[in-house]
Amino acid sequence: MLEFLPPLNDHNLPWMDTLHPIVVHFVIAMGLIAFVFDLIGTLAKKPALFEVSFWNLLFATTAIFVAIIFGQVEAGLADPYGKSSEILNLHTTIGWSLAGVLSLMSAWRYVIRSRDPQQLPLSFLGAGGLLSALIVLQVSLGNQLIWVYGLHTVKVVEAMRAGLV
Amino acid sequence: MASSFIPTDSPIHQLAGDLGANGLPYSLPIHPNLVHLTIGLFVIAVAFDIAGALYPVEKRVFRFLALPITRQGFHDVGWYNLLACAIFSFFTVAAGFFEMLLAVPLPGVTSSIGLQSMETMLWHGVGGVLILLVIIAMTVWRGYQRFVWRKDMGRQVQWLYLLVGMGMFLVIGLHGTLGAELAAEFGVHITADQLLAAGADLKEALP
């Protein structure tokens, strides 16, 4: 059976490039912009923006599950070294937690929107602020995996296969 | 023929003392983080305008999902996301140029699509400016559709606009591939890659 799997390339991946960072565009951008639009909508009294942030939040929630699937496969093939394995563990834990947080917030938002789409309780705005902070933390961890430790970059994979790291 | 155009005293040396192992004065590059906003906001903006344009088709699906929708709501997502994308993208391109000036790609690498590092950076740099211009133009175009030309119509966008938007998905995808290659293949601003290229032992340099 295993021989039907595609061989790993020089990124140590069965596909051309890392896909997780591409899918996370949508979790990061939609999650953060939902809070920004909620904030502007509240401050400028523009309830039309609440509808915009609702859809962005819903999209972030859908995207994070796809991001996690690719993230798990690529993490499994990453072969982390040094402190990067701790960072990867934390990144994984926060990633799954974020899926839970985003799902709960989408459900909460669905109820708010069904009752009165023109109003947004301040408690939801506060939760949105916390969500943004969590996303920023998660992004900074992911950043370290690629920009410091270079996981899945050709040079690091080469060194790994040569037993240098 | 002259052996070299580049003087040994190139101005990058003025900064050398302030740069880290990744070639930047800070530990993580900024451009790739802002890119999430440019790409995410653009793609979702156009996607929701497509949903707004095809509204009569998908109306039943959303009724089945018990999710109340309005056409106006979808087009609002299309408009405001694109507006935010246009604003953020100036910073994306600015950060990209700053970090490209400090880029030191690994020597002797040819990318998987057959380009060398300088070619990849030039295409990615010029392409970035052109994409920013198209995003600005599309935002103005979208604004005219929303506030002037199609103000009183249910479908707020022209089919041509959606077609151009989908064409941009392709362009941005190719452009992003060049950017990804600068990182994953040429090791630009990646600490581990630069340390390896400098002959360092990662077990000691990055414990």
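Student: How many aromatic pairs does the structure hold over all chains?
Tutor: Keep in mind that this is a predicted model. Ring centres must lie within 6.5 Å to pair. Over all chains, the number of aromatic pairs is 16.

Student: Of what kind is the pair of Trp55(A) and Phe74(B)?
Tutor: The ring centres of Trp55(A) and Phe74(B) are 5.1 Å apart. Their planes stand at 70 degrees, and over 60 counts as edge-to-face. So the pair is edge-to-face.

Student: What does the pair of Trp55(A) and Phe74(B) join?
Tutor: Trp55(A) sits in helix α2 of chain A. Phe74(B) sits in helix α3 of chain B. The pair therefore joins two chains.

Student: Is Phe74(B) buried or exposed?
Tutor: Its relative accessible area is 1%. The cut-off for buried is under 20%. So Phe74(B) is buried.

Student: How many residues apart in sequence are the parts tied together by Tyr81(A) and Tyr149(A)?
Tutor: Tyr81(A) lies in the loop between α2 and α3 of chain A. Tyr149(A) lies in the loop between α4 and α5 of chain A. The pair thus ties together parts whose separation in sequence, in residues, is 68.

Student: Which helix gives the most to the nonpolar patch?
Tutor: The patch covers about 430 Å² and includes Phe97(B) and Leu130(B). Leu130(B) lies in helix α4 of chain B. With 4 residues, the top contributor is chain B's helix α4.

Methods
Residues are numbered from 1 along each chain as its sequence is written. Chains are lettered from A and ligands numbered from 1 in the order in which they are written. This is a predicted model: local features need pLDDT of at least 70, side-chain atom pairs count only at pLDDT 80 or more; totals for chains, interfaces and linings use all residues. Side-chain values use heavy atoms; hydrogens and water are left out. Patches are made of residues with over 30% relative accessible area and no salt bridge: like charges are joined within 9 Å, nonpolar side chains (Val, Leu, Ile, Met, Phe, Trp, Tyr) within 5 Å. Accessible areas come from the Shrake-Rupley method with a 1.4 Å probe; for residues, only the protein chains shown count as cover. A salt bridge is a side-chain nitrogen of Lys or Arg within 4 Å of a carboxyl oxygen of Asp or Glu. Rings of Phe, Tyr and Trp (its six-membered ring) pair if their centres lie within 6.5 Å; planes under 30 degrees apart count as stacked, over 60 as edge-to-face and the rest as tilted. Buried means under 20% relative accessible area, exposed over 50%, partly exposed in between (1.4 Å probe, protein chains only).
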